[in-house]
Amino acid sequence: TAPNDGCPGKMGQALDEFSEQHMYWHVANTYAFFRGLFATLGNADFKLRISAEMQKPLPVAVNLCTINLSTLDFAGPLVPFDNAFFSPGAGNPISDLLIGGQDSIMFGQGSVTDFAYDADVISHEFTHAVIDTLGKLTLPGFEDTQGLNDDPGAMNEGLADYFSSALGGDPLVGEYGGKNIPGNGAAEGAVRDLTNMDLCADDRWGEVHQDSQSFSASLWAARVAVAGDPKSAGFDAAKATIFDTAVLAAIQSFPDSVDMPTAATAIAAEVEMRLDAAARASVESAFGAHKLLPSCDRVIAWTGTNKKNVLFLDGTDSANAPMGAAKVPGYVQWKIDLPPDADSITATATLMAQSSLLGGGSAP
């Protein structure tokens with residue numbers, strides 16, 4: 001049972017109705033943006049899956065509060081939920097628990113700022129609903145010759161950032177919602193920045209939001225190269241829309257176990273078909289700068305100083321590992337050239353358990 005004032009956020013602020021209005025406007029605006037792109041692709045009446053298949057509107061909740069997930073205290077007061085998420089329908093435990101297995105988007109009240117006040121976050125989560133409706137990038141990942149590959153999940157996150165920024169005209173994502181992250185020193189408090197220079201393997205953690213950044217930055221750089229900076233006087237809005245349409249068209253061609261180089265090649269081909277060879281070259285150059293084309297080599301050459309501050313390690317029950325796997329490789333590998341007189345390698349790591357969305361977590 002919620003306290004009388006709902007779930008107070010910072011300074012005891014009560015739940016408010018403006019978050020509903022703000023969310024509704026930006027959901028409608030993002031929906032209209034995508035419907036316009038789909039109309040160009042021949043789908044004059046694009047609908048989300050829940051509307052097309054179940055004949056229902058998309059449930060969207062604001063002011064979300066939960067039990068304290070760190071203690072799982074079901075008897076204690078509710079606390080602000082510091083995140084937002086799109087939840088696919090039936091089979092998802094959160095969706096099944098809260099709204100009977102329907103597709104939905106949830107925006108947390110936020111301990112510092114309300115996530116439903118951030119237009120970037122709204123457009124990002126809505127893009128997940130669009131991609132899910134297309135039935136693309138639904139696999140979290142898979143195993144290939146280099147180990148575990150989380151490219152499908154990472155690209156899902158990267159495309160959500162990309163389309164949010166394309167609609168907002170700004171490469172910074174989530175400057176308002178990012179204020180909930182303790183010690184966030186990013187530009188204007190952004191959660192992510194599409195002008196980053198992340199590389200395919202060097203900056204990969206095995207966590208989809210982090211691993212998305214080389215992909216989304218490549219897309220943004222290519223769009224700017226083709227259509228100009230949205231904040232500059234020379235910005236070509238018509239070319240930008242064509243570019244966005246090409247990206248959306250390419251997504252619909254992705255196979256299930258798609259990796260970033262395959263996706264980049266498909267996007268480059270669509271851009272060339274709708275614009276010209278020079279635009280394709282811009283796409284290939286942008287993805288090349290982030291070491292995603294011509295291929296993404298997830299083997300890191302050890303230099304003696306390039307340690308990873310964070311690396312996610314999956315167990316044998318990983319959704320990305322083959323069924324019944326006895327051993328699970330990492331998301332990145334290291335290549336080490338040993339001196340002639342060396343007969344061993346010593347690696348040092350601090351292992352920590354990863355808690356789940358609902359709290360808890362097993363020992364590493």
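Helices here are DSSP runs of H or I with at least four residues, strands are E runs of at least two, and both are numbered from the N terminus. On that basis the protein chain has 10 helices and 10 strands. Its radius of gyration, taken over C-alpha atoms, is 21 Å, close to the 21 Å from the globule rule for 364 residues, so the chain is as compact as a globular protein of that length. The rule itself is 2.2 Å times the number of residues to the power 0.38.

Before going further, some ground rules. This is a predicted model, so local features need pLDDT of at least 70 and side-chain atom pairs count only at pLDDT 80 or more, while totals for chains, interfaces and linings use all residues. Residues are numbered from 1 along each chain as its sequence is written, and side-chain values use heavy atoms, with hydrogens and water left out.

Now the overall picture. Along its principal axes the C-alpha trace spans about 70 × 55 × 40 Å. Of the 364 residues, 45% count as buried, meaning under 20% relative accessible area with a 1.4 Å probe and protein chains only (exposed is over 50%, partly exposed in between). If you take contacts (heavy atoms within 4.5 Å) between residues at least 6 apart in sequence, 65% join residues at least 24 apart.

Let's start with helix α1, residues 18-40. At 1.5 Å a residue, its 23 residues should span 33 Å, and the end C-alpha atoms are 34 Å apart, which agrees; the expected span is 1.5 Å times one less than the number of residues. The buried residues of α1 include His-22, Tyr-31, Phe-34 and Phe-38. What do the buried residues of α1 pack against? Their partners are α2 (49-54), β1 (60-66), β4 (104-108), α4 (119-134), α5 (151-168) and α8 (237-251). Just after α1, Gly-42 takes a positive phi of about 100°.

Two of those partners, β1 and β4, lead us to a sheet. It is an open one of 4 strands in the order β2-β1-β4-β3, with mixed pairing. Two strands pair if DSSP finds at least two bridges between them. At the edges are β2 (79-80) and β3 (84-87), each pairing on one side only. Walking across the sheet, β2 and β1 are antiparallel over 2 bridges, with Cys-65 bridged to Pro-80 in β2. Next, β1 and β4 pair in the parallel sense over 3 bridges, and Leu-64 has Gly-108 in β4 as its bridge partner. Finally, 4 bridges join β3 to β4 in antiparallel fashion, where Ala-84 stands opposite Phe-107. As for cover, 5 of the 7 residues of β1 are buried.

Arg-204 sits between β8 (192-193) and α6 (208-211). Is Arg-204 buried or exposed? At a relative accessible area of 1%, Arg-204 is buried. Its side chain reaches the backbone oxygen of Cys-200 at 3.1 Å. Leaving aside residues up to four places away in sequence, Arg-204 touches Asp-150, Asp-151, Asp-211, Arg-298 and Tyr-331, among others.

Pro-322, by contrast, lies in the loop between β9 (299-301) and β10 (333-335). With a relative accessible area of 40%, Pro-322 is partly exposed. Pro-322 and Leu-148 are 174 residues apart in sequence, yet 9.7 Å apart in space, C-alpha to C-alpha.

Notes:
Polar contact = N/O pair within 3.5 Å; in protein donor to acceptor, adjacent residues only side chain to side chain.
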